[in-house]
Amino acid sequence: MRNSHQRDAILAYLQSKRAHVSATEVYDAVREQIPNISLGTVYRNLGQLVELGKIITVETQDKFVYYDGYTKPHTHFVCRGCKQIFDFEYKTTPPSEITGEGFEIESERTVYYGLCRNCTEDALEGK
Ligand SMILES: [Zn+2]
Ligand SMILES: [Zn+2]
């Protein structure tokens, strides 16, 4: 069961990180344990983990995808200044237009884009 071993290693890495990491970062980290793993295999396993609901993705405005092993409902803020991704334990309430109309919500993802506090201050100071 080589495949599930690789997938477990990738999942364990993401769950230990509590951060948002790119596929190449995952690749570099997992390669220390599984030296012959390929980047393609990492991408394939990441895709499977997303499908299984074990990890989630966050997309930046310039379409970079980051992987998050923290799957409890939370909201992301992506800063366009420093490119950091922030987690907020904030749940949006689905609008009654959806819930009242017999639609079954299975997942929800909100991403806010803008400038974080540090970058806003830098902008104000004209740095
Ligand atoms: Zn920032
Ligand atoms: Zn997150």
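**View 1. The largest nonpolar core of the protein.** In this predicted model, the largest nonpolar core comprises 12 residues: Ala-9, Ile-10, Leu-14, Val-26, Val-30, Val-42, Leu-46, Leu-49, Ile-55, Ile-56, Tyr-66 and Tyr-67. Two or more of these residues come from each of helix 1 (2-17), helix 2 (23-31), helix 3 (39-51) and strand 3 (65-68). In soluble globular proteins, nonpolar side chains tend to be buried together. Buried residues account for 15% of the 127 residues in the protein.

**View 2. The surroundings of Val-42.** Val-42 is one of the core residues. Leaving aside residues up to four places away in sequence, Val-42 touches Ile-10, Ala-23, Val-26, Tyr-27, Val-30 and Ile-37.

**View 3. The contact between the two domains.** Domain 1 covers residues 1-70 and domain 2 covers residues 72-127. To their contact, domain 1 gives 6 residues and domain 2 gives 9 residues. On the side of domain 1 that touches domain 2, 3 residues are nonpolar, 3 are polar and none is charged. The C-alpha centres of domain 1 and domain 2 are 22 Å apart.

**View 4. Helix 5 and the residue that follows.** Helix 5 spans residues 117-125, and of its 9 residues the number buried is 0, so this helix lies largely in the open. Gly-126 follows helix 5 and has a positive phi, near 70°.

**View 5. The elements of the whole chain.** The protein contains 5 helices and 6 strands, which run α-β-α-α-β-β-β-β-α-β-α from the N terminus. Among contacts with a separation of 6 or more, 49% are between residues 24 or more positions apart.

Methods
Residues numbered from 1 in each chain as written. Chains lettered and ligands numbered in written order. Predicted model: local features only at pLDDT ≥ 70, side-chain atom pairs only at ≥ 80, totals over all residues. Domains from an automatic or database assignment. Contact = placed C-beta atoms within 7 Å. Nonpolar A, V, L, I, M, F, W, Y, C, P; charged D, E, K, R; others polar. Core = buried A, V, L, I, M, F, W, Y, C linked by C-beta atoms within 7 Å. Buried ≥ 20, exposed ≤ 12 C-beta atoms within 10 Å, placed from the backbone. Helix = DSSP H or I, 4+ residues; strand = E, 2+ residues; numbered from the N terminus.
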